[in-house]
Every structure is written in C-alpha cells, then in structure tokens.
Number of protein chains: 2
Amino acid sequence: MKAEHLIRNCTCFNARRAARALGQLYDRALAPAGIGNAQFTLLAATRELGPVPISRLATHLGTDRTTLTRNLRVLRERSLVTIAPGRDARTREVSLAPDGEAVLEAAVPLWRAQQTRIVAGVGHADWAATLDRLHLLHRLGESPATTEDATA
Amino acid sequence: MKAEHLIRNCTCFNARRAARALGQLYDRALAPAGIGNAQFTLLAATRELGPVPISRLATHLGTDRTTLTRNLRVLRERSLVTIAPGRDARTREVSLAPDGEAVLEAAVPLWRAQQTRIVAGVGHADWAATLDRLHLLHRLGESPATTEDATA
DNA sequence: GCATTATCAGTGTAGTTACACGTAATGGAG
DNA sequence: CTCCATTACGTGTAACTACACTGATAATGC
C-alpha cells in the first residue's frame, strides 16, 4: 500500500471503473431497444415485483429512493411504467406499462447476448465466483459497521 | 438464466450496485476531508502522474475524457488542481495545487482506514482475487470485441 | 380522541457520467 | 507550402446518483 499506487489498489476505484466499463458495454448492447442498462434493470425489476412501492424497489435495487423517483420519471414520461397511489396513501406503486413490456421483450435478447459474452470472457467457472464477490462488496457497503473485526 | 431472476444474475447490475455501495461508503469516510471518492481518485492520480494531459488522465482512470473535463472544473474552482497549456498547444496539463496536496494528505489516512475495513471484510486472501476480478471486468469492458471467442 | 413517532415520498442542489458534435492544433503527403 | 487526416479538447444535452430538507400519511401511546 505504497502511496504511489494508491488508486491502483483502491477497492472503490476499481469497482467503479469496472462498473463504468460494463455500463457502457451493456448500454451499447441495449441501444437498439432504446434503453440503457439502468433503465433495463428498472424495467426488469418492475416486472418481477409487480406493483411495488418505490421504497421497496429502491431497497431491492440498492439505489437511493430519491434517485429512483427521478429515474422513474423518465420511464413514466415514455409510458414505459405507470405510477399509482397504493392502498396506503403514503405509497406510490410502480407497474410495468404495455409499452414497457414491449421494450423489455425487445431488450432481453440483447441483454442475454451481452451477458453471455461477459460470462464467456470471465469463464463459466470464475463467473459465479465473480458474482459472489460483487454480492459481498455490495453487502459490505450496505452494512457499514461490521464492527467485529473478526480478529482478521 | 430464468427470466424471473434476470437482474439478480446481471453482471452489469451487480457491478454497478456494488460500486454504488462502495462509493457511498468511501464518500462518508472521506467526508471530513471535504471530498468524495471520485475527487479523491482524481487528486491521487494527478499527484502520481504529475503534470498530465487530460486525455492521458482519462485513459489512466477509465473515464470518458469529457467527464474528466467537468470533474476537473469542480476541483479547479476549489483551487485543488491547476490546469495549464502544455507544450503541445492542443493539450492542457493538470497539476496538483498546494490546496489539493493538503486535502489529499488529510484524506489519505481516512481512505486507508476505510480501505483496511474493506480488505478485512473481504478477507486478505480473497481480496487480491477480488481486485483481479474487477480488473478483468474492466478489461472486458474496454476491449468490447475479444473477437476470438476462444471456443468458449 | 389527541399528541408523538415512524414511514413514504418529492424537491433543491450538486456531483458524476457519457454521447454527439464542433473547434483548434499537430504532423505528414503532395 | 498547402491540404488533410489525426489528435486534443470543450460544450450541449441528458441521464444517473445521493444528501439535506420538507410535507403528508399511518401507527402508536396516553
């Protein structure tokens, strides 16, 4: 951990750089469907979770709630999702609109092709392990404390 | 790869979610120094590379060149970096300003503490492997083709 | 019932990110 | 020396991201 190679070893920098590169890659793959990787994720999650309150969606996706509010606005303006008040008057529930279903159907094969290329690039065996690492990093970020250093 | 758990297996989504979580974690750790993780990276890279043209910095950090232009503007307005024309009149070279040195010096211990927590959380042995995975993902994103599928 | 607390959501503000496009300077080919 | 491809850079536009703050509704305690 010499000061000279600080960023080369920074977990945060490397994770974010990898995420940027993958984001661009998936964005280009999904371009024919007219959506980016973030929107794809949002549409897919909405389809999976059915009518779902925004906060629950945010928790599920690991994004800030207010970020989701704005990201949903873009999809809503394109009629890809609908947002309606829930039974609890505080909540607003997100649903996949017909146009959103169509776009998602067009996007899934494009996503699958790109995903397959990545899995092949990493190698099938290593890919599962890679996904596990990403899950672990996410979990470490979510639970900031982990106060017991586990004598590591 | 059932359609139901599409995002759960998406390499892009998981990488970006992990990056978001780590970004927030490092942001909070660096807050006392008055900078975020992206700015920390930028300052550290500038110190390492000395007076450096923007494009070279962009290549080095894996960010878009135009993104760097704007991110540098923020640091420049805070007098953390200086930007001067290079010998080649097309280039503009970035240098770490005195204030930037001070901020960076204050930030490094904060960074190191957070970095250590992450390394401990992942486990020393696994951490190196994790970093390798992130490097690989970055590389896969950078070279989109990798045309030879290696019979995978 | 009423006050307090907790939950859900939006806005103001600001930083990060990248594509499409345009501009200026360099370096060769002729 | 001139023309042209290449290189380096900025701007317009738009999306993604999150914190601090605010308002509205629900749930709980008395």
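With 12 C-beta neighbours inside 10 Å, Ser79(A) counts as exposed; on this scale a residue is buried if 20 or more other C-beta atoms lie within 10 Å of its own, exposed if 12 or fewer, and partly exposed in between, with C-beta atoms placed from the backbone. Ser79(A) has a positive phi of about 60 degrees although it is not a glycine. The residue is found in the loop that joins helix 4 to strand 2 (81-85) of chain A, where helices (H or I, at least four residues) and strands (E, at least two) are DSSP runs numbered from the N terminus. In chain B, Ser79(B) also shows a positive phi of about 60 degrees without being a glycine. Ser79(B) is placed in the loop between helix 4 and strand 2 (81-85) of chain B and counts as exposed, with 12 C-beta neighbours inside 10 Å.

The model is predicted: local features need pLDDT of at least 70 and side-chain atom pairs count only at pLDDT 80 or more, whereas totals for chains, interfaces and linings use all residues. Residues are numbered from 1 along each chain as its sequence is written, and chains are lettered from A and ligands numbered from 1 in the order in which they are written. The mean pLDDT (the predictor's confidence in each residue, from 0 to 100) of chain A is 91, and 91% of its residues reach 70 or more. Over residues 145-152 of chain A the pLDDT is below 50, and this stretch has five contacts in the model beyond near neighbours in sequence; two residues are in contact if their C-beta atoms, placed from the backbone, lie within 7 Å.

The secondary structure of chain A comprises six helices and three strands, which follow one another from the N terminus as α-α-β-α-α-β-β-α-α. Along the principal axes, the C-alpha atoms of chain A fill a box of roughly 55 × 35 × 30 Å. Of the 152 residues of chain A, 38% count as buried. Among contacts in chain A with a separation of 6 or more, 49% are between residues 24 or more positions apart.

The same surface serves both copies, as 98% of the contact residues of chain B recur in chain A.

At the interface between the chains, 50 residues of chain B are in contact with 49 residues of chain A. Two or more residues on the chain B side come from each of helix 1 (11-30), helix 2 (37-49), helix 5 (98-122) and helix 6 (124-142) of chain B. Helix 1 of chain B provides the largest share, 16 residues. By class, this side holds 26 nonpolar, 16 polar and eight charged residues; Ala, Val, Leu, Ile, Met, Phe, Trp, Tyr, Cys and Pro count as nonpolar, Asp, Glu, Lys and Arg as charged, and the others, Gly among them, as polar.

Leaving aside residues up to four places away in sequence, Leu22(B) touches Thr11(A), Cys12(A), Ala15(A), Leu137(A) and Gly141(A). Leu110(B), in helix 5 of chain B, is partly exposed, with 18 other C-beta atoms within 10 Å. Beyond residues up to four places away in sequence, Leu110(B) touches Ala29(B), Leu30(B), Pro32(B) and Ala33(B).

DNA strand C is surrounded by 24 residues, the closest being Pro53(A), Ser55(A), Thr66(A), Asp64(B) and Ala89(B); a residue is near a strand if its C-beta atom, placed from the backbone, lies within 6 Å of it. Helix 4 of chain B gives the most to this surface, with five residues. The surface near DNA strand C divides into five nonpolar, eleven polar and eight charged residues. Around DNA strand D there are 24 residues, with Asp64(A), Ala89(A), Pro53(B), Ser55(B) and Thr66(B) the closest. Helix 4 of chain A contributes the most to the surface near DNA strand D, with five residues.
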